[in-house]
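Visitor: I have a protein chain to look at. Please show me the sequence and the structure.

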Amino acid sequence: MSTENEGTPVPPAPSAPPVPVDAPAPSAPAAPEGGAPTTLLPPTPASAPGDQGQDLAHAGHAPAYASTDPNNPQGHSAPDASWPPPPPATPAYAAGGGGADSGWGSPYPSQPAPKSGRGGLFAAILVAALVAGGLGGGLGYTLAKNNDNNSGSTTVSASTSGGGVKRDAGTVAGVAARALPSTVTIEAESTNGQGGTGTGFVFDTQGHIVTNNHVVADSLDGGKLTATFPNGRKYDAEVVGHAQGYDVAVIKLKNPPSDLKPLTLGDSDKVAVGDSTIAIGAPFGLSNTVTAGIISAKNRPVASSDGQGSSASYMSALQTDASINPGNSGGPLLDAQGNVIGINSAIQSTGSGGLGGSGQSGSIGLGFAIPIDQAKYVAQQLISTGKPVYAKIGASVSLQDSGNGAKITQQGAGGASAVESGGPADKAGLKPGDVITKLDDMVIDSGPTLIGEIWTHKPGDKVTITYERGGSSHTVELTLGSRVGDN
């Protein structure tokens with residue numbers, strides 16, 4: 001499944017037409033007349049066996065990890081043997097940074113001047129209400145005075161207290177109240193002034209904020225980055241490290257406050273389909289927005305691209321129907337107890353325009369989040385070394401959508417060997433032409449699915465590979481190798 005990053009310009013709010021005001025005739029005052037006016041991816045790998053291809057979008061921007069080798073007519077190759085390979089044609093990220101043209105997040109919304117027409121309408125309604133209130137008050141006083149003169153009358157007052165409102169910790173309101181103070185709206189701006197908004201959340205008391213790589217991409221190489229808390233406090237920030245393949249980034253607040261409260265991290269492996277979810281973000285620039293839903297699927301293979309020709313991200317994602325839109329990228333996906341179980345990254349898109357086109361991507365109930373177990377590992381690596389570490393098998397696989405598995409190509413990108421000499425796949429006896437169909441118990445239907453599943457593991461993990469060769473099925477065990485950095 002391929003996705004598209006969120007991020008498209010926010011259209012200016014329509015202005016209300018001026019409200020006509022009828023002046024009273026000079027001869028005799030008249031009651032006001034008239035009523036108020038009426039008012040407002042190119043081909044992508046299958047997400048799972050039997051699934052239909054879908055166009056997806058990042059909740060900001062989703063890069064596409066893997067590239068086409070001009071010397072490899074059989075398809076793209078995985079980023080193991082020759083990194084970085086050319087990106088597949090995939091839609092963009094669901095939410096995050098980037099301008100209107102880039103599709104990375106929700107561009108800075110325009111701030112139109114207040115329209116006198118709408119102001120006039122509100123003012124007219126307010127005056128009418130005050131006049132009606134005054135009239136009602138006068139009549140009420142007269143009637144009450146007359147009733148007081150009737151000795152047999154009795155006045156009974158109803159209680160105005162409805163009792164206190166209690167919101168339990170497990171309710172959406174309770175979770176939002178605890179999580180919102182630790183969620184920030186991120187604004188990333190490039191040196192040429194382009195940028196957009198995304199979301200992040202407090203990772204530790206030192207001022208580290210976790211978000212998506214595509215949210216901060218515009219601020220790299222001398223750009224500007226800020227983080228704003230719901231209480232209005234705004235801080236300059238800098239990128240500590242970013243991983244394009246995982247679509248995870250860590251930024252650090254400059255002069256962070258002493259009262260930071262990191263969000264509690266959950267266990268994404270224990271999440272079950274049907275579990276409640278709560279997403280927090282800044283969809284279309286509307287900061288501190290809370291939406292709710294459920295986990296609708298797990299281990300969903302997703303390849304997402306920013307649509308700008310850069311490498312892609314691959315994930316074995318949590319799927320949710322909580323509303324996620326451009327600007328939600330990098331924000332937390334929470335469980336019913338308020339624990340972070342994922343980082344919102346991509347959305348399914350129905351618009352053919354894509355990012356930077358005439359279409360406006362938005363939520364259709366299919367959002368995708370990076371599991372927090374993976375994101376936590378990546379964030380810790382970025383904080384400690386500034387660079388991501390990827391697990392690998394040391395073989396290049398086709399990224400064409402065959403639906404039958406991940407086929408090891410005859411040649412790697414740039415003319416390199418498809419099976420790295422001395423690498424994990426080589427030691428396990430894998431050869432060009434082999435089709436990998438399973439990794440442990442996970443069915444592999446395509447190259448991107450294999451990459452996303454490998455990246456849920458750490459270097460040094462032992463995995464079992466099932467592959468087909470010459471019509472026969474074979475199983476081998478190998479130890480995953482490592483690659484440092486995105487290049």
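Visitor: Which elements each supply at least two residues of the lining of the second largest pocket?

Guide: This is a predicted model, where local features need pLDDT of at least 70, side-chain atom pairs count only at pLDDT 80 or more, and totals for chains, interfaces and linings use all residues. Residues are numbered from 1 along each chain as its sequence is written, and side-chain values use heavy atoms, without hydrogens and water. Helices (H or I, at least four residues) and strands (E, at least two) are DSSP runs, numbered from the N terminus. Those that each supply at least two lining residues are β13 (289-305), β14 (313-320) and α4 (372-385).

Visitor: Asparagine 299 is in strand β13. Is asparagine 299 buried, partly exposed or exposed?

Guide: Buried means under 20% relative accessible area, exposed over 50%, partly exposed in between (1.4 Å probe, protein chains only). Asparagine 299 has a relative accessible area of 39%, so it is partly exposed.

Visitor: What is the phi of asparagine 299?

Guide: Most residues other than glycine have a negative phi. Asparagine 299 is not a glycine, yet its phi is positive, at about 50°.

Visitor: Where does aspartate 247 lie?

Guide: Aspartate 247 also is not a glycine and has a positive phi, about 60°. Aspartate 247 lies in the loop between β10 (234-243) and β11 (248-253).

Visitor: Is aspartate 247 buried or exposed?

Guide: The value to check is the relative accessibility of aspartate 247, which is 0%. Therefore aspartate 247 counts as buried.
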